[in-house]
Amino acid sequence: LDESSARARAGAPSWGGPSHALQGLLRKLGAGLDDLLPSASSHGRLKTILAGLKGPDESMQLASLTELCEVLSIGTEESMSSLSVDVFTPLLISLLRQEHNPDMMLLASRALCHLMDAIPSSSAAIVHFDGVPLFCERLLSIEYIDLAEQALHALEKLSQEHPLAVLRAGGMLAVLQYVDFFAMGVQRRAVATAANMCRGLPVECAHLVADSVPLLSNLLSHHDQKLLENVCLAFARLAEAFSYSAPQLEMLAAQGLLPNVLRLVGGMASPGQSDAPVAVSDATYTMLLRMLATLCHGSASLCKQLLQLDASSTLHDVLSADATASQGSGFAAAISRPHDQLYQVLALAHELLPPLPKGSPFSAGAARLLAPKRRSKRNPEGEAAPVADSSAGERTPTEREQALLDQPELVELYASRLFALFMHVHSGAVNASVRSKSLSCMAKVLHFYPAAGLRDMVRSHAIAAFLAPLITSQEHASALLALHMAEILMTKLP
């Protein structure tokens, strides 16, 4: 303990220590502050507790555990500098294995939680001495509800700093398998722990969450807002982690993720009147839109499913709500939604259609002109890999392009729902990224729309009158996009 104390004094940060005024007050109240400070008194007390924990008498062990919990619950990293984590942690973990004595396991678990609060670095020692599997076992085979809740509390703390270690020990299944048996506050903690484990997950570890995806998917219909938002956060983190792997993205969506998320997004247009179980925060709506765009970008199959689920109608409702809100002062008025959220609506609409062929304003250097601050981490150019240059001759359609060739009605429905709204958003938005994204969506529609019906659509929306002033615009990105759309029209409608 002396050696550990000297090392802690030399390297531990001195935040959180009691002030001199508080020390004086506690002394006057008889709280025994000397026992809490890194002094000979506290050193002696910890030695007594350690001896009691190592002794053969279980009643003495229980008393020592109780005293240790009291000391740790009001201790800080400075006041606990004489406590050796490497000595106490394996001892507490060994007491957590005493299955014949539930009180012993409960107090040991509680002491480990207090230890992580008082000395945050102790979480690494708990992982090192194999404490995580023990906490998971207490949740997978629940015999004592108090012990299970304490184990969950410990896993929540561990998942904040060591999410992968908890996941590898079976933590995801442990916290979700019996989540319905707990009170609402504990359920929220369980799902928050699961969301922590999804943070920064390597794609090669996807198998660690595969068995838990059905459990998370079932919670997308939960009535509690806070719990639901953490479920959404978990899926958003997993989608981002697997954004380059179509099979893993499809694994995430295999249990009804897409229709459930579309139902939640529908709540943006008519809060309280949609089929969504509960309204969520604006930040969560924005996160869900970004997640759907990630799924579309990474998997042609999921993109086709979203089109077949009529995602364009959901986006139409969201954008129509904005258009209706701004009708009082005309579409030139600023759109009511936050720019970031409106941009994500358009980004999802953009991803629902395939990338344009190489050579369009959306490939290579031209993409850098469009919303340069919004480029996705998935691709430094902000777009999916371009297909071969059409000028080089005939090319084989991509999987996403072939889906539209096989079902041209998908593009027609998309255009009928959204094309006019893209025009209105461009006219009403003041944010350059939003305006550019709305134009890029229009260009995709014109490129992929069946030639047989394109003439009627152009006439019904007065596209020529819309493009004419843009071609002479001082905004280079807008002028470039307008010229490209004019070229598409002249090529498809000679």
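**Around the cavity**

A: Let's begin with helices, which are DSSP runs of H or I with at least four residues, numbered from the N terminus. Helices α19 (300–308) and α23 (399–406) each give at least two residues to the lining of the largest cavity. This is a predicted model, where local features need pLDDT of at least 70, side-chain atom pairs count only at pLDDT 80 or more, and totals for chains, interfaces and linings use all residues. Residues are numbered from 1 along each chain as its sequence is written, and side-chain values use heavy atoms, leaving out hydrogens and water.

Q: How much space lies in the largest cavity?

A: Rolling a probe the size of a water molecule over the atoms shows where empty space is left. On a 1 Å grid over the protein atoms alone, a cavity is a set of points where a 1.4 Å probe fits but cannot get out, and lining residues have an atom within 4 Å of a point. Here the largest cavity holds about 60 Å³, and its lining includes K304, E399 and R400.

Q: Is helix α8 mostly covered or mostly open?

A: Buried means under 20% relative accessible area, with a 1.4 Å probe and protein chains only. Helix α8 (residues 131–140) is mostly covered, with seven of its ten residues buried; F135 and L139 are among them.

Q: How many disulfides does the whole structure have?

A: A disulfide is a pair of cysteine sulfur atoms within 2.5 Å. The search finds zero. For C69, the closest cysteine sulfur, in C113, is 9.2 Å away, too far for a bond.

How values were computed
Buried means under 20% relative accessible area, exposed over 50%, partly exposed in between (1.4 Å probe, protein chains only). On a 1 Å grid over the protein atoms alone, a cavity is a set of points where a 1.4 Å probe fits but cannot get out, and a pocket is an open set with protein on both sides within 12 Å along at least five of seven lines; lining residues have an atom within 4 Å of a point. Grid points are joined across faces, edges and corners, and a volume is the space filled by probe spheres set on the points.
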